Amino acid sequence: MQLHLTIVWGLTFLTIILGRYFLMAGLTYWWLYVHRGTGRKPSAQAIATDIRLSVHSAAVFAVASAAVLHLQALGYTRLYSAPDQHGLWYLGVSYGLVLILQDGFFYATHRLSHHPALFPWMHRGHHRSGQPTPWTSFAFDPPEALLQAFFLVLIVMLLPLHPITLVAVLATMSVWAIVNHLGLDHLPHWFPHHWFGRWLIGPAHHSLHHRHGDRHFGLYFTFWDRVLATEDSRYEATLNQSPGPGVLPVPPGGSILDGGAPAAAAGVPIPHGPGPRPQ
């Protein structure tokens, strides 16, 4: 009976996750690339690859979500139902704590996945299109999707969390992933071009990672990239010269933010390892 319920929940979660992906990524892509007609459109093959990988990722996260419910039924998680059980203040604190822990976990595993021995089977699919779009936001290779889903299973076994907190974390992850993959042609003028935004990962910061795979590995915050010297030393200086919405400057010698054609599009192999910090 429990196995039957787990399968039903898995299929339900798969429907929800895929529906959310196609709705959010599809609407964002339509608004920016079709309705507004801005930016260089990726090929149909690149979009199809991103969607295929995203379907695989959705299946992995659906299984992980069903596993959480199964573990909850067995009493192995620390999920709780009464919002005030740990105080209403804890809802916000636990939400922020999970984001901080997830960001550290993602940085470590993301950087590790760029090691030459792991990149071909763990992370290459996410970089295959060369040009990130909203469709790329959930396009993980299955091993990487399994690793990121494992974090969510592990965290509910370690920290007391209310389901609404978990839902808020998943929603943040989905929205943030789409924003980070908007590309350089769709930068809002207010993000990340201010003092607080420089501590947050945005489309300019993450687009550099897709163009140069040896830097910018964070998920939400630039903290670990700064501390561990994987943030491009010219990134902030370049943003300081930004003239306005959607426009980034081209300083003498070329902007590190446009960098010409993406490496994959130019036929140049993307750097797979962490490599030295750019000078």
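Tutor: Among contacts (heavy atoms within 4.5 Å) in the chain between residues at least 6 apart in sequence, 73% join residues at least 24 apart. This is a predicted model, in which local features need pLDDT of at least 70, side-chain atom pairs count only at pLDDT 80 or more, and totals for chains, interfaces and linings use all residues. Residues are numbered from 1 along each chain as its sequence is written, and side-chain values use heavy atoms, with hydrogens and water left out.

The chain has 10 helices and 0 strands; these are DSSP runs numbered from the N terminus, helices being H or I of at least four residues and strands E of at least two.

The part to look at is the pairing of helix 2 (residues 44–73) with helix 6 (residues 142–158), which pack at an angle of about 20° with their axes 9 Å apart. Axes are lines fitted to C-alpha atoms over the stretch in contact, and angles run from 0 to 180 degrees between N-to-C directions. The two helices are therefore roughly parallel, a term for angles under 35 degrees. Residues making the contact include F61 and V68 of helix 2 and L152 and V156 of helix 6.

F61 and V156 are also among the residues that touch the most other members of the largest nonpolar core, which has 38 residues. Such a core is a set of buried (under 20% relative accessible area, 1.4 Å probe, protein chains only) Ala, Val, Leu, Ile, Met, Phe, Trp, Tyr and Cys residues joined through side-chain atoms within 4.5 Å. Helix 2 gives the most to this core, with 8 residues.

How values were computed. Angles under 35 degrees count as roughly parallel, over 145 as roughly antiparallel, 65 to 115 as roughly perpendicular and the rest as oblique. Buried means under 20% relative accessible area, exposed over 50%, partly exposed in between (1.4 Å probe, protein chains only).
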